[in-house]
Amino acid sequence: MEFALPPFLPFFLGALVVAVLRGRVQAGVAILVPILGFANLWFGMPGAPETLQILDFTLVLVRADELAMLFGWLFHIAAFIGLVYSSHLRDTTQQVAALTYAGSALGAIFAGDFITLFIFWELLAVSSVFLIWARRTPRAIAAGFRYLLINVFSGVILLAGALVHLWETGSLEFSYIGLEAGLAGWLILLALGVKAAFPFLHNWLTDAYPEATPTGTVFLSAFTTKVAVYALARAYPGTELLIYIGGAMAMFPIFYAVIENDLRRVLAYSMINQIGFMVCGIGIGTALALNGAVSHAFNDVIFKGLLMMSMGAVLHMTGRINGSELGGLYKSMPITTVLCIVGAASISAFPLFSGFISKSMVMQAAMDEGYPVIWLALLFASAGVFHHAGIKIPFFAFFAHDSGIRTTEPPLNMLLAMGVSAVLCIGIGSYPDVLYGMLPYEAEYHPYDWSHVITQTQLLFFSALAFVWLNLTGRYPPELPSVNLDAEWFYRRLAPRAVGGVVATLVAAHAVLDRFGQRQMDRAVAFVEHHHGPEGYFARTWPTGSMVALVALVLVASLVFYLA
Amino acid sequence: MAAPKDEKPGWFDDWGNVKKLLRIFYVVCGLLFLVDFLYHRHALTEWEGFYGFYPVYGFVACVVLVLVAKQMRKVLMRDEDYYERERDDD
């Protein structure tokens with residue numbers, strides 16, 4: 001496809017314009033940007049990729065095949081919803097960061113070579129961190145630095161992998177790599193894995209997303225990880241390792257989600273769980289599985305965005321987000337409650353909601369390709385996601401016990417953004433053919449047959465029954481103000497301690513050296529004082545006398561050398 | 001923030017309402033379980049096609065999930081300011 005402008009450019013130009021505007025005009029112009037960008041994609045003509053010559057390399061700035069276009073549409077929708085949601089803000093930092101961030105995500109998915117990808121990959125990190133810092137709390141600033149370090153590091157590995165790949169193959173093309181490519185393949189997979197929040201590499205996400213501003217998290221949850229999913233689908237389809245990584249990702253975060261108190265952190269864990277389904281589908285690598293992975297990414301951006309927005313609305317209105325402090329808000333925020341439940345039903349994959357038509361493609365493919373254990377794990381994760389995202393989020397925020405908090409619905413723009421997402425969730429779930437028509441691979445799939453509808457409903461109702469039973473019998477763990485240790489412990493606690501130990505040793509060594517140096521210095525000073533001090537030989541004569549003595553010495557020396 | 005005194009109690013504040021809702025929920029669950037015996041399901045495999053597989057799996061999975069997570073708390077749970085406090089100590 002050929003576009004009037006590279007898809008990222010309207011966003012970057014928009015960011016420049018928004019930077020000098022203020023107030024309502026600023027918010028209005030920001031919302032116009034994704035609309036213009038959408039039109040730019042819509043009126044694109046079939047054509048050759050757009051290239052740029054730099055040194056000896058051909059950079060492919062825009063390669064718009066079906067896979068890239070699917071994410072292109074998605075990111076425009078996500079940016080639009082996010083900008084409507086944040087249009088009450090009067091914070092230029094956040095508006096500019098959001099537009100730059102969305103533009104970088106578009107740049108990355110349309111990139112046709114690794115250098116272009118790398119540039120946008122780093123821009124993603126650098127632009128999005130301002131959405132975290134804009135919370136302007138010490139906690140958010142610290143989390144932002146950790147986020148930035150890890151994400152920039154991912155880019156550095158990506159570049160290293162790309163250079164090894166260039167050296168081995170002579171090509172920078174961003175296409176299938178696979179692990180057969182050896183070192184380059186592993187490096188690039190690691191870089192993508194950091195951004196996709198693979199197990200043990202995932203804590204930047206659960207650390208930073210809940211610390212961002214109420215509106216910032218909505219953008220964060222849309223772009224970074226989905227760019228990584230896109231890149232995995234492009235470079236590693238059918239890589240068996242990903243099936244197991246995806247299975248692990250779908251499983252372990254749900255345990256954390258059950259005991260986590262910060263409801264936006266619950267959603268962050270749940271996000272890793274959903275990416276697990278996508279990674280698994282990419283690993284399976286059949287047309288059905290890949291379609292499942294990318295369509296689930298599409299749906300996840302919208303329903304996870306909706307859930308994040310509903311929790312953002314709660315945080316915005318009450319200043320609280322911990323399950324232990326919330327409850328009973330259905331009375332003062334009924335519309336938000338209903339919209340949150342639509343998001344919850346979608347992520348839980350209730351029939352007629354969007355998750356239902358995408359998640360099952362991955363599961364069907366897992367069974368078809370002979371991975372029954374993975375299928376069981378994904379089914380466990382499906383029940384679990386309903387449990388923590390589908391029930392826990394709405395229950396502890398809007399129902400449970402009455403926390404005594406009385407507030408009102410959030411501003412109209414927030415409700416509108418959530419409304420658009422809710423309509424999309426139900427629309428895509430009820431009329432899946434629109435989304436299916438955009439999928440990049442050829443595969444026949446019909447989500448609405450009786451067996452699928454009934455078994456899925458059974459699974460969900462009995463998961464809910466388990467919640468009811470555990471709650472009524474007092475077995476359900478209460479929401480407690482707490483932190484749960486995760487892989488981040490290694491770099492937030494162990495490493496600082498280890499570094500602290502090393503530093504202490506160095507300080508001690510430095511003190512010893514310091515004393516030694518001090519002694520040498522004292523001796524040097526004493527030496528000078530002995531010769532030049534009040535009692536010294538050179539103090540007895542005028543400086544001219546010293547000079548004459550020195551000149552005589554030089555003359556004698558030169559005479560000796562001359563004669564020798 | 002305390003609730004204002006003259007406020008009408010919410011629908012869910014009445015335990016009787018919740019009980020009614022739960023009773024309907026139990027009936028739906030029962031019917032969903034029985035449906036398995038009434039229609040021919042396209043099973044993916046032999047064991048997955050067994051009567052009541054999905055309801056039982058969903059229920060057991062969630063109970064296991066919650067009980068395991070509860071045990072995890074004993075090992076993993078720390079005070080809310082765990083990481084911040086460390087920084088101050090050092």
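I take two strands as paired if DSSP finds at least two bridges between them, and with that settled I looked up Leu52(A), whose bridge partner in β2(A) is Leu59(A). The model I am reading is a predicted one.

**Hairpin.** I stayed with these strands and noted that β1 (residues 50-54) and β2 (residues 57-62) of chain A run antiparallel and are joined by five bridges. Gln53(A) also has its bridge partner in β2(A), namely Thr58(A). Two residues lie between the strands of this hairpin, and I recorded that Leu55(A) takes a positive phi near 50° there.

**Chain A as a whole.** I counted 22 helices and three strands in the secondary structure of chain A. Along the principal axes, the C-alpha atoms of chain A fill a box of roughly 115 × 60 × 55 Å. Chain A has 564 residues, of which 53% count as buried. When I turned to the contacts in chain A with a separation of 6 or more, I found that 81% of them are accounted for by residues 24 or more positions apart.

**Domains.** The domain assignment divides chain A into domain 1 (1-234), domain 2 (237-487) and domain 3 (538-564). I then looked up how far apart the centres of domain 2 and domain 3 of chain A are, and the separation, taken over C-alpha atoms, is 91 Å.

**A helix pair.** I next examined helix α12 (residues 263-284) and helix α16 (residues 372-398) of chain A, whose axes come within 10 Å and cross at roughly 155°. The crossing of α12(A) and α16(A) is left-handed. On the α12(A) side, the residues that make the contact include Leu263(A), Val266(A), Gly276(A) and Phe277(A), while those of α16(A) include Ile374(A), Leu378(A), His388(A) and Phe396(A).

**Where chain A touches chain B.** I found that this contact takes 45 residues from chain A and 41 residues from chain B. On the side of chain A that touches chain B, the elements that give two or more residues are α11 (240-259), α16, α19 (450-472), β3 (483-484) and α20 (489-532). Which of the elements gives the most to that side? I noted α19(A), with 16 residues.

**Two alanines with positive phi.** Ala349(A), although it is not a glycine, has a positive phi of about 65°, and it is found in the loop between α14 (334-347) and α15 (354-368) of chain A.

Terms used
Residues numbered from 1 in each chain as written. Chains lettered and ligands numbered in written order. Predicted model: local features only at pLDDT ≥ 70, side-chain atom pairs only at ≥ 80, totals over all residues. Helix = DSSP H or I, 4+ residues; strand = E, 2+ residues; numbered from the N terminus. Buried ≥ 20, exposed ≤ 12 C-beta atoms within 10 Å, placed from the backbone. Contact = placed C-beta atoms within 7 Å. Domains from an automatic or database assignment. Axes fitted to C-alpha atoms, helices over the stretch in contact; angles between N-to-C directions. Left-handed = near helix turned anticlockwise from the far one by under 90°.
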